[in-house]
Amino acid sequence: GRSIGANKMGGTHVSYLLRPKEGINYNFVTSIYLGGSIIALSFYLLETLVLHSYLEDPSTDQGRESEPEDGPLKELSRGLVGMYLIFVPFVPCFVWSCAVRHFWLLSAEEDSKMKTE
């Protein structure tokens, strides 16, 4: 597809990486990257706030003998460790898509002004 030129964006020089392409709905792209970022944050918070207690080493408890007790929540906790790392790349992609969406909205606004004149 053809990229939207710098002349449509108020004469500003926009980097090729931030220049929106015609035919792409950047509202959709940004919302998908936002969803992935929310999943990453959710898994991170789940691991650090909730599952942390199940991952603690029982041998550090004072006055208790450590028993090899692996319940289903402990096994689930071990399986979810680092799961947020799979979704972390969505975060910089979300930031990038917000910047491209900004220029996309500017060009759409200028196009609508030109059509009304």
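The model is a predicted one, and in it helix α1 covers residues 26-50. At the start of α1, a side-chain oxygen of Asn-25 comes to within 3.0 Å of the backbone nitrogen of Asn-27.

The buried residues of α1 are Tyr-26, Thr-30, Gly-36, Ser-37, Ala-40 and Glu-47. The elements that cover these buried residues include α2 (52-55), α3 (72-80), α4 (84-87) and α5.

## A nonpolar patch

Leu-41, Tyr-44, Leu-45, Leu-49 and Val-50 make a nonpolar surface patch of about 480 Å². One of these residues, Tyr-44, has its place in helix α1, and Tyr-44 counts as partly exposed because its relative accessibility is 38%, a value that lies between the cut-offs of under 20% for buried and over 50% for exposed.

## Helix α5 and its packing

Helix α5, made of residues 90-116, has 27 residues, and the distance from its first C-alpha to its last is 38 Å, close to the 39 Å expected at 1.5 Å a residue. Within α5, the residues Ser-97, Val-100, Phe-103, Trp-104 and Ser-107 are buried. The buried residues of α5 pack against α1, and α5 is in turn among the elements that cover the buried residues of α1.

## Salt bridges within helices

Two salt bridges are found when the whole structure is searched. In one of them, the side chains of Glu-75 and Arg-78 meet with an N to O distance of 3.4 Å. Glu-75 and Arg-78 are separated by about one helical turn, because they lie three residues apart in helix α3. Both ends of this pair are partly exposed, Glu-75 with a relative accessible area of 45% and Arg-78 at 38% relative accessibility.

A salt bridge also joins the side chains of Lys-113 and Glu-109, at 3.7 Å from N to O. Here the residues are four apart in helix α5, so that about one helical turn separates Lys-113 from Glu-109. An α-helix has 3.6 residues a turn, and therefore residues three or four places apart point the same way. Lys-113 is partly exposed, its relative accessible area being 47%, and Glu-109 is likewise partly exposed, with a relative accessible area of 43%.

Note on methods: Residues numbered from 1 in each chain as written. Predicted model: local features only at pLDDT ≥ 70, side-chain atom pairs only at ≥ 80, totals over all residues. Heavy atoms only, no water. Patch = residues over 30% accessible without salt bridge, like charges linked within 9 Å, V, L, I, M, F, W, Y side chains within 5 Å. Areas by Shrake-Rupley, 256 points an atom, 1.4 Å probe, with all protein chains shown as cover. Salt bridge = Lys/Arg side-chain N within 4 Å of Asp/Glu carboxyl O. Helix = DSSP H or I, 4+ residues; strand = E, 2+ residues; numbered from the N terminus. Buried < 20%, exposed > 50% of the residue type's maximum accessible area, 1.4 Å probe, protein only. Expected span 1.5 Å × (residues − 1). Contact = heavy atoms within 4.5 Å. Polar contact = N/O pair within 3.5 Å; in protein donor to acceptor, adjacent residues only side chain to side chain.
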